[in-house]
Amino acid sequence: MLQRLASLPRSRQIIVWIGLALVLVALPFIDHNDSHFNLLADAGVYVLLALGLNIVVGFAGLLDLGYAAFFAIGSYSYAMLASPQFNIHVPFWVMLFLASGIAAVFGLLLGAPTLRLRGDYLAIVTLGFGEIVPQTFLNLNKYTGGPNGISSLDTPSFFGHPFGFASVPYYYVILALIGVGLFAAYNLRDSRLGRAWMAIREDELAAKHMGINTTTAKLAAFAFGASFSGMAGCIFASKLNLVSPDSFQFSVSVLVLAMLVLGGMGNIPGVIVGSLVLFTVNFIFLPQANNIAASINLHVDFTNYRFFVYGFILVAIMLFKPEGLIPSQQRRAELRAGHAKTEPG
Amino acid sequence: MHGLDAHYGRIQALSGISIRVEESEIVTLIGANGAGKTTTLRAISGLVRPSRGEITFGGRSILRNSPDHTVRAGIGHSPEGRRVFARMSVRENLELGAFTRDAKGEIAGDLAYVLKTFPRLQERLEQKAGTLSGGEQQMLAMGRALMSRPKLLMLDEPSLGLSPLLVATIFAVIKEINARGTTILLVEQNARQALQIAVRGYVLEVGKITHEDSGANLMASPAVQAAYLGGAA
């Protein structure tokens, strides 16, 4: 069914998106359990992260293993510029854009030295970046509160109404951001830049022969990808009301990447489904699994088997559906054709 | 281009190469494997930065141009080994060839021209490029380079790995493209075919130009015959 959805014509897809949006907007009026929206808001943060990483990995084919770094940068931007930490109180709405801008700048900083790298080598450098950033926040005690992080961040307010402790306002903000993110992702994909990314993903040297400026295209991919992550970080920090360096470990980068692989790299609806599925597994199913186990007097902490479950799901998908739950047309062709050769005479 | 040196790391690939291509000529650059033919084309394209020398195109220096500027300046480059986008359709490949251009009407016209030049591509327009035969892929690589509407088209070993019949077809098309006003710089190992259609030719040996003459004279030269034409002196 999902695949049929993905192959619908553009206008129909837009109708599906709008219908889905209306349901999601109406949801808080029907369901008054705030904890549901707490979970949905958190899931939304991951959707936003996955949409951003999809630009870098799915569209441009640049394997980024340190994506959590930009998430950290977005979160710390909010924490440092909207809290008593330095007594700076930039409004939340301004910070959304500022944090994504700051993350985009760091995206460029990471992108610049890696322009000549591809595949495995790029992955290693981005991995390093992903380790350096949280470590830096951990060690800059004076500015970041070190291992304790920064707490009592400013609560966002909407025309003078503070968000308070309810999750629904955050839920709405994230919904809106996902809407903007979707619009941006679709337009980027179909833009000139999007075509340049696909060409680079296919064959970087051939892309250069086409007159594509691969330097700017790759930098743009890093910057756009990071900007999504910065925005996600900003709302994540404000919702949690604190930041600490251990929220941005390597496992976050892996989780988001796994969401892409699971859903179908490069395909926007696929990426969303993938992130929701893995979020459910990680933050709903696994904690719940503990309760279930406890109820039958089996005291096992299933959270410790998180990576085992990932691994299992990923291996299963790679075996049965190597192109992801909803693959992009192109990816499907890539995998179905096996290793199509370009050279034979 | 004049007095060009190029290095890969500390290894000198070209030393003091000078070649000249006049408007609407077919000029060929022949030589053995590793002589520096591909490097020469890459230096012109801006894919390899020469360490010394000068490259001018239409009276302006393009030495410091990045590859995208070279394409915009009017130099199309059909790369060594074809390098078609295997997982994209023939149409998408050709559209990417026109990446640097904006005028939709002109692009559509050029697409029609390319498809008329290579009728096989018309038949396979929606097929994935990776499923084409070697000869068809070569046609696609050339057609794709033509889509940038180049003044100078550089072809890197278009006959590589093709059957003699296909080689003849490809060379006929090269002449045809040239007859419509596109200047051609042809790099070949297939010296006989290349010299037959070229106005002038250069022989490249381990990074140096050793012979330079008209195509016919080079064909007749005993040294060239011995080295590149199967020694039929």
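Q: How much space lies in the largest cavity?
A: In this predicted model, the structure holds two cavities of 30 Å³ or more. The space in the largest cavity comes to about 50 Å³.

Q: Which element gives the largest share of the lining of the largest cavity?
A: Both chains take part in this lining: Lys208(A) and His209(A) are found there along with Ser45(B), Leu47(B), Pro67(B), Thr70(B), Val71(B), Ile75(B) and His77(B). At least two residues each come from α10 of chain A and from α2 and β7 (75–78) of chain B. The largest share, three residues, belongs to α2(B).

Q: How many charged residues does the lining of the largest cavity have?
A: Among the lining residues are Lys208(A), Leu47(B) and Thr70(B). By class, four residues of the lining are nonpolar and four are polar, and the number of charged residues is one.

Q: What is the volume of space in the second largest cavity, and which residues line it?
A: The second largest cavity holds about 30 Å³ of space. β7 and α6 (134–146) of chain B each supply at least two residues of its lining. By class, that lining divides into three nonpolar, five polar and one charged. The residues are His209(A), Met210(A), Val71(B), Gly76(B), His77(B), Gly97(B), Arg144(B), Ala145(B) and Ser148(B).

Q: Which residues are the closest to the centre of the second largest pocket?
A: The second largest pocket has a volume of about 700 Å³. Its lining consists of 19 residues, and the closest to the centre are Arg116(A), Glu204(A), Lys208(A), Thr214(A) and Leu47(B).

Q: Which elements each supply at least two residues of the lining of the second largest pocket?
A: By class, the lining of this pocket comprises six nonpolar, five polar and eight charged residues. Chain A and chain B both contribute elements that supply at least two residues each. These elements are α10 (204–209) and α11 (214–240) of chain A, together with α2 (67–73) of chain B.

Q: What area is buried between chain A and chain B?
A: The contact takes 25 residues from chain A and 29 residues from chain B. Carbon and sulfur atoms give 58% of the buried area, which amounts to about 2500 Å².

Q: Which residue of chain A meets Arg83(B) in a salt bridge?
A: Between chain A and chain B the count is two salt bridges. In one of the salt bridges in the model, the side chain of Arg83(B) has an N to O distance of 2.9 Å to its partner, Asp203(A).

Q: Which helix gives the most to the side of chain A that touches chain B?
A: Three residue pairs are in polar contact across the interface of chain A and chain B. On the side of chain A that touches chain B, α9 (192–202), α10 and α15 (329–336) each supply at least two residues. By class, this side has eleven nonpolar, six polar and eight charged residues. With six residues, the element that gives the most is α9(A).

Technical notes: Residues numbered from 1 in each chain as written. Chains lettered and ligands numbered in written order. Predicted model: local features only at pLDDT ≥ 70, side-chain atom pairs only at ≥ 80, totals over all residues. Heavy atoms only, no water. 1 Å grid on protein atoms, 1.4 Å probe; cavity = no way out; pocket = protein on both sides within 12 Å on 5 of 7 lines; lining within 4 Å. Points joined across faces, edges and corners; volume = space filled by probe spheres on them. Helix = DSSP H or I, 4+ residues; strand = E, 2+ residues; numbered from the N terminus. Nonpolar A, V, L, I, M, F, W, Y, C, P; charged D, E, K, R; others polar. Contact = heavy atoms within 4.5 Å. Buried area = accessible area lost by both parts, 1.4 Å probe. Salt bridge = Lys/Arg side-chain N within 4 Å of Asp/Glu carboxyl O. Polar contact = N/O pair within 3.5 Å; in protein donor to acceptor, adjacent residues only side chain to side chain.
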